[in-house]
Amino acid sequence: MLGALPYIALSLVSPLVGALLQRARVRRVLLIAVVTNGIACALFGLAPCAWLLQLTRFGVGLSQAFAVIYFPVWTDSKAPPESKTFYMSMMQAGVPLGIVFGYLTGGLLTSFLRTDHALVAGWRLPFLLQGAALVPLG
């Protein structure tokens, strides 16, 4: 369920994202989406119960829908005409490469940082770090 919820949210929200991006200032919408994604990731790392784990994973997918919809449009409109295919493929390659980097970083962190502190131990630390990086980035 935790693996599927971001994709369920992304699928449910995507039809509304285009309309919102046309009506509101794109920069503001993307800023809110990035900050929301960071907060959802951090809250996922802090979640003490199953319903909050599920809610925050849904929030991750909801906030990622804006990037999934807008970034290909932005790349198509801003890339030099002779390089559009290259830029689009680099943007698309970033998704699986980011996932691999995230798994690698999370695996290394959880393997080498052994502690009894609940927030640093186990799977929570990578999500807390991701959230801590995304909020200021926004």
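Analyst: A search of the whole structure finds one salt bridge. Please keep in mind that this is a predicted model.

User: What makes the pair Lys84 and Asp76 a salt bridge?
Analyst: The side chains of Lys84 and Asp76 come to 3.7 Å, N to O. The cut-off is a Lys or Arg side-chain nitrogen within 4 Å of a carboxyl oxygen of Asp or Glu, so the pair qualifies.

User: Is Lys84 buried, exposed or partly exposed, and why?
Analyst: Lys84 has 29% relative accessibility. Buried means under 20% and exposed over 50%, so Lys84 is partly exposed. Asp76, at 42%, is partly exposed by the same rule.

User: How do you know that the length of helix H4 fits its number of residues?
Analyst: Helix H4 covers residues 84-112, which makes 29 residues. At 1.5 Å a residue H4 should span 42 Å, and its end C-alpha atoms are 41 Å apart, so the two agree.

User: Where does H4 bend?
Analyst: H4 bends by about 30° at Gly94, and the proline Pro96 follows within four residues.

User: Let's turn to Arg124. Why is Arg124 called buried?
Analyst: Arg124 is found in helix H5, residues 124-137. Its relative accessible area is 19%, and buried means under 20%, so Arg124 is buried.

User: What makes Arg124 and Gly45 a polar contact?
Analyst: A polar atom of the Arg124 side chain lies 2.7 Å from the backbone oxygen of Gly45. The limit for such a pair is 3.5 Å, so this distance is within it.

User: Which residues does Ala47 contact, beyond its neighbours within four places in sequence?
Analyst: Ala47 is in contact with Leu52, Leu53 and Arg124. Ala47 and Arg124 are 77 residues apart along the chain, and their C-alpha atoms are separated by 9.0 Å. Ala47 itself lies in the loop between helix H2 (26-46) and helix H3 (50-78).

User: Why is Ala47 given the label it has for accessibility?
Analyst: With a relative accessible area of 1%, Ala47 is under the 20% limit, so Ala47 is buried.

User: Now for helix H3. What does Arg57 touch there, and why is Arg57 called buried?
Analyst: Arg57 has its place in H3. Not counting residues up to four places away in sequence, Arg57 touches Leu2, Leu5, Pro6, Phe44 and Phe127. Its relative accessible area is 17%, which is under 20%, so Arg57 is buried.

User: How many disulfides does the structure hold?
Analyst: The structure holds zero disulfides. For Cys41, the nearest cysteine sulfur is that of Cys49, 17 Å away. A disulfide needs two cysteine sulfur atoms within 2.5 Å, so Cys41 is in no disulfide. Cys49 is in no disulfide either, with the sulfur of Cys41 17 Å away.

User: Are Cys41 and Cys49 buried or partly exposed?
Analyst: Cys41 has a relative accessible area of 3%, under 20%, so Cys41 is buried. Cys49 is at 25%, between 20% and 50%, so Cys49 is partly exposed.

User: What covers the buried residues of H2?
Analyst: The covering includes helix H1 (5-23), H3 and H5. Among the buried residues of H2 are Val29, Leu30, Asn37, Cys41, Phe44 and Gly45.

User: How do you know that the span of H2 agrees with its 21 residues?
Analyst: At 1.5 Å a residue, H2 should span 30 Å, and its end C-alpha atoms are 30 Å apart, so the values agree. For H5, the 14 residues should span 20 Å, and the end C-alpha atoms are 20 Å apart, which agrees as well.

User: Which residues of H5 are buried, and what do they pack against?
Analyst: In H5, Arg124, Leu125, Pro126, Leu128, Gly131 and Leu134 are buried. The buried residues of H5 pack against H2 and H4.

Conventions:
Residues are numbered from 1 along each chain as its sequence is written. This is a predicted model: local features need pLDDT of at least 70, side-chain atom pairs count only at pLDDT 80 or more; totals for chains, interfaces and linings use all residues. Side-chain values use heavy atoms; hydrogens and water are left out. Buried means under 20% relative accessible area, exposed over 50%, partly exposed in between (1.4 Å probe, protein chains only). Helices (H or I, at least four residues) and strands (E, at least two) are DSSP runs, numbered from the N terminus. The expected span of a helix is 1.5 Å times one less than its number of residues. The bend at a residue is the angle between axes fitted to the seven residues ending there and the seven starting there. A polar contact is a pair of N or O atoms within 3.5 Å; within protein, one must be able to donate a hydrogen and the other to accept it, and residues adjacent in sequence count only if both atoms are side-chain atoms. Contact means heavy atoms within 4.5 Å.
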